[in-house]
Structures are given as structure tokens and as C-alpha cells.
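Let us take a walk through this protein together.

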Amino acid sequence: MMEKINLIIPAKEEINNLFQIIKPLLKNKYIKSIILVLHKKNKKNFIKHKKLKIIIQKKPGYGSAIKEGFKISKSKFSCIFNADGSFDINSLKYMIPLTKKFNFIFASRYSKGAGSEDDNLVTLFGNYFFSLLGRFLLNIKLNDILYTYVICNTKIFNKFNFQSKDFRLCIELPYKIASTKQKYTYVKSKEFKRKFGKKNVNEFKDGFLILTEVIKCFLKRIMKI
């Protein structure tokens with residue numbers, strides 16, 4: 001019998017997109033429950049459903065939202081799932097069977113047969129560059145290090161002492177996985193264009209913060225902290 005998972009969806013700024021994806025997610029046979037991590041002002045906008053649990057984010061930041069969602073997840077495996085409509089839900093049928101052998105399963109936009117409708121030249125270069133740094137400096141054997149579509153062993157995730165409160169968790173998570181010798185892999189996946197609004201990413205400012213996180217993790221690695 002295939003393992004069912006919980007979805008952790010940080011959705012503070014993605015209400016319009018979330019309304020487009022929530023119904024198909026609730027009907028999906030692989031999903032045990034959905035944990036929405038919302039800003040307080042948005043709570044009243046959502047329907048009641050037995051598979052849907054809404055929590056109000058206590059600390060600011062994308063990383064904080066994910067950590068708070070994982071803390072209340074009761075399933076063996078939980079999946080980080082963005083609310084902007086860009087993740088391909090069909091990838092779950094390929095990712096979930098791998099939980100029998102791996103504690104962490106990443107989706108990848110840059111494997112053969114995958115792709116991204118949302119990349120521009122700057123983000124494409126940045127994603128390849130940081131994935132390359134991750135492989136050489138941090139020994140993270142992934143070809144798409146910044147993509148946070150990840151199924152995680154809930155218990156192991158909650159044992160990690162994450163310091164990141166924002167999107168830098170996308171570096172700290174695979175670094176923790178690789179440095180603690182967890183079993184992990186990746187599968188190809190398609191990234192779609194978001195349904196509404198603009199990206200919340202500033203390529204250059206956020207790229208600099210990602211770079212500092214890579215360097216920070218590298219220093220920890222060589223100092224064996």
C-alpha cells in the first residue's frame with residue numbers, strides 16, 4: 001500500500017493562487033492531510049474540510065512557516081508544497097513510492113524530461129550556479145538545489161536544528177541531509193508559471209543571501225561544526 005503524506009503549504013502571500021489549487025489537492029489520493037500555514041488575516045477565506053488544517057504562522061519568514069507546519073504534522077512523511085500553483089502535483093505518484101528506500105525525495109526541474117516555464121536567463125543561471133556550488137562545496141548530490149518541492153521524513157526533519165527563518169532554508173535543508181548522511185534522491189518534475197501575481201523573489205538580492213548561506217554551510221562543513 002502506497003504511503004500517504006501530509007502537505008505543508010506556506011501561503012501568506014499566495015491566497016489567489018491557493019484557491020486555484022486547493023480543491024484538486026483535497027481530492028488527491030496520495031494526500032492524507034493539508035496543513036496551510038497562513039497569516040491571520042487570511043484564515044476566514046477558506047472552506048472547512050476534514051483533510052484541511054489551518055494554522056496561523058507565529059514567526060515571520062518562509063522557513064519559519066515550513067518548520068511550524070512540520071511540527072504539527074502527524075504523518076511519517078510530509079511534503080513542502082508551494083501555494084503559487086507552480087508545482088506539478090502529478091510528480092507525487094513518482095516521489096511517494098521512493099519513501100520505501102529514501103528519507104528525502106526532491107523534485108528537479110533540470111533532470112532529463114523535466115523543465116520550467118517560470119525560468120528566465122537570470123534564474124536559470126542562478127539555479128545551475130548554486131546547484132554546482134552545492135555539489136562541490138557542500139557535497140549535496142542534487143542538480144536543482146533551490147527547488148523546495150521535497151518529501152521529507154517528518155521525524156528526521158523535526159530533529160534538524162534549522163537556523164534559517166526565510167528561503168535560505170532551501171540551502172540549509174539539503175546541507176543538513178547530506179551532512180548527516182541521510183538517504184535521499186530526486187526525480188524529474190515540471191515547474192509551471194504561477195497563476196496570479198508576480199514572483200516574490202528578487203534575483204540579485206536573494207541570490208546574494210543564498211550565496212552567504214552556501215558559504216556559511218561550507219565553513220561549518222570544513223570546521224565540522
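A cavity, on a 1 Å grid over the protein atoms alone, is a set of points where a 1.4 Å probe fits but cannot get out. Grid points are joined across faces, edges and corners, and a volume is the space filled by probe spheres set on the points. The largest cavity here has a volume of about 50 Å³, and the structure holds one cavity of 30 Å³ or more.

Before going on, please note that this is a predicted model, in which local features need pLDDT of at least 70, side-chain atom pairs count only at pLDDT 80 or more, and totals for chains, interfaces and linings use all residues. Residues are numbered from 1 along each chain as its sequence is written, and side-chain values use heavy atoms, with hydrogens and water left out.

Which residues line the largest cavity? They are I80, F106, I145, Y147, T148, V150, L169, C170, L173 and P174, where a lining residue has an atom within 4 Å of a point. Nine of them are nonpolar, one is polar and none is charged; here Ala, Val, Leu, Ile, Met, Phe, Trp, Tyr, Cys and Pro count as nonpolar, Asp, Glu, Lys and Arg as charged, and the others, Gly among them, as polar. Helix α6 (residues 169–179) supplies the largest share of this lining, four residues. Helices (H or I, at least four residues) and strands (E, at least two) are DSSP runs, numbered from the N terminus.

Now follow α6 to its neighbour, helix α7 (residues 203–223): their axes come within 9 Å and cross at roughly 25°. Axes are lines fitted to C-alpha atoms, for helices over the stretch in contact, and angles run from 0 to 180 degrees between N-to-C directions. Angles under 35 degrees count as roughly parallel, so α6 and α7 are roughly parallel to each other. Contact (heavy atoms within 4.5 Å) is made by C170, I171, E172 and Y175 of α6 and I210, E213, V214, C217, K220 and R221 of α7. By class, that contact has six nonpolar, no polar and four charged residues.

Helix α4 (residues 121–138) also meets α7, with axes that come within 10 Å and cross at roughly 5°. These two helices are therefore roughly parallel as well. The contact of α4 with α7 has twelve nonpolar, two polar and two charged residues.

Finally, turn to a pocket, an open set of points with protein on both sides within 12 Å along at least five of seven lines. The second largest pocket has a volume of about 380 Å³. Its lining has 16 residues, of which K59, S64, K67, E68 and K71 lie nearest its centre. α2 gives the most to this lining, with five residues.

Note on methods
Parallel < 35°, antiparallel > 145°, perpendicular 65-115°, else oblique.
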